[in-house]
Amino acid sequence: MTDQLADEVPTLETPPEDSHADAEGATAQAKAPTRRSARGKGRSPGRTSRASVRRIAEKAEEIVDTDGSTRRLVADLTGAASSGVADLTTAIMEAKRTPVEAAVADLTIIQDGEIPEAVVHLVGMSKDELKALHQLVSTFSDVALPEKIPAKSTDATLVLVDPVRSAQIDEAAVDRLVRLLAK
């Protein structure tokens with residue numbers, strides 16, 4: 001019986017004729033280039049460093065300690081699916097750049113520059129940038145802004161330029177938000 005099984009099972013020394021094409025395909029796959037890091041070592045997929053896991057856990061703890069309105073704002077700014085800890089942690093840790101930092105930079109340009117410079121800057125902003133600026137000013141100042149931003153950038157500029165320039169922003173709250181969004 002053992003001899004009969006040995007005759008039916010192909011060995012490496014004598015591959016069956018019909019598996020010749022499969023063997024060439026396997027060799028080609030084995031020789032295919034693999035993804036390598038800058039140091040030339042292959043990456044091990046699925047392995048996350050202890051430091052990365054710790055940063056993610058610390059960010060989750062920070063989010064847990066954040067009030068609900070700030071979490072909703074962060075979810076809106078980052079495009080997170082919800083203001084839950086898992087969704088916010090994922091959105092923050094995956095983001096290449098935080099929209100709050102860009103909105104703070106836009107706010108600084110608009111408030112520090114002359115009116116013509118502020119107008120030109122507002123007209124040149126994208127819808128997403130205008131939305132982030134609107135949310136930042138609405139959330140962290142006492143200035144009344146329209147609930148909805150006009151679709152045309154020139155109309156949005158006319159509606160936003162004076163209130164945004166005069167807004168007194170709660171710098172401490174913005175700093176906490178920027179720290180929350182930092183990786």
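Let's start at Ser-52, which sits in helix H3 (residues 50-64). The model you are looking at is predicted. Is Ser-52 buried or exposed? Ser-52 counts as buried because its relative accessibility is 18%, and buried means under 20%. The side chain of Ser-52 also has a partner: a polar contact of 3.0 Å links it to the side chain of Ser-49.

Next, take a look at a pair of helices, H6 (residues 99-112) and H10 (residues 171-181). Their axes come within 9 Å and cross at roughly 145°. On the H6 side, the residues that meet H10 are Val-100, Glu-101 and Val-104. On the H10 side, the partners are Val-174, Leu-177, Val-178 and Leu-181. This contact has six nonpolar residues, one charged residue and no polar ones.

Two of these residues, Val-100 and Leu-177, turn up again in the lining of the largest cavity. A search of the whole structure finds one cavity of 30 Å³ or more, and the largest cavity holds about 30 Å³ of space. Also in the lining are Leu-73, Leu-77, Ala-103, Ala-132, Gln-135, Leu-136 and Phe-140. Which helix gives the most to this lining? That is H8, with four residues. Helices H4 (68-78), H6 and H8 (127-140) each supply at least two residues.

| Lining of the largest cavity | eight residues | one residue | no residues |

Methods. Residues are numbered from 1 along each chain as its sequence is written. This is a predicted model: local features need pLDDT of at least 70, side-chain atom pairs count only at pLDDT 80 or more; totals for chains, interfaces and linings use all residues. Side-chain values use heavy atoms; hydrogens and water are left out. Axes are lines fitted to C-alpha atoms, for helices over the stretch in contact, and angles run from 0 to 180 degrees between N-to-C directions. Contact means heavy atoms within 4.5 Å. Ala, Val, Leu, Ile, Met, Phe, Trp, Tyr, Cys and Pro count as nonpolar, Asp, Glu, Lys and Arg as charged, and the others, Gly among them, as polar. On a 1 Å grid over the protein atoms alone, a cavity is a set of points where a 1.4 Å probe fits but cannot get out, and a pocket is an open set with protein on both sides within 12 Å along at least five of seven lines; lining residues have an atom within 4 Å of a point. Grid points are joined across faces, edges and corners, and a volume is the space filled by probe spheres set on the points. Buried means under 20% relative accessible area, exposed over 50%, partly exposed in between (1.4 Å probe, protein chains only). A polar contact is a pair of N or O atoms within 3.5 Å; within protein, one must be able to donate a hydrogen and the other to accept it, and residues adjacent in sequence count only if both atoms are side-chain atoms.
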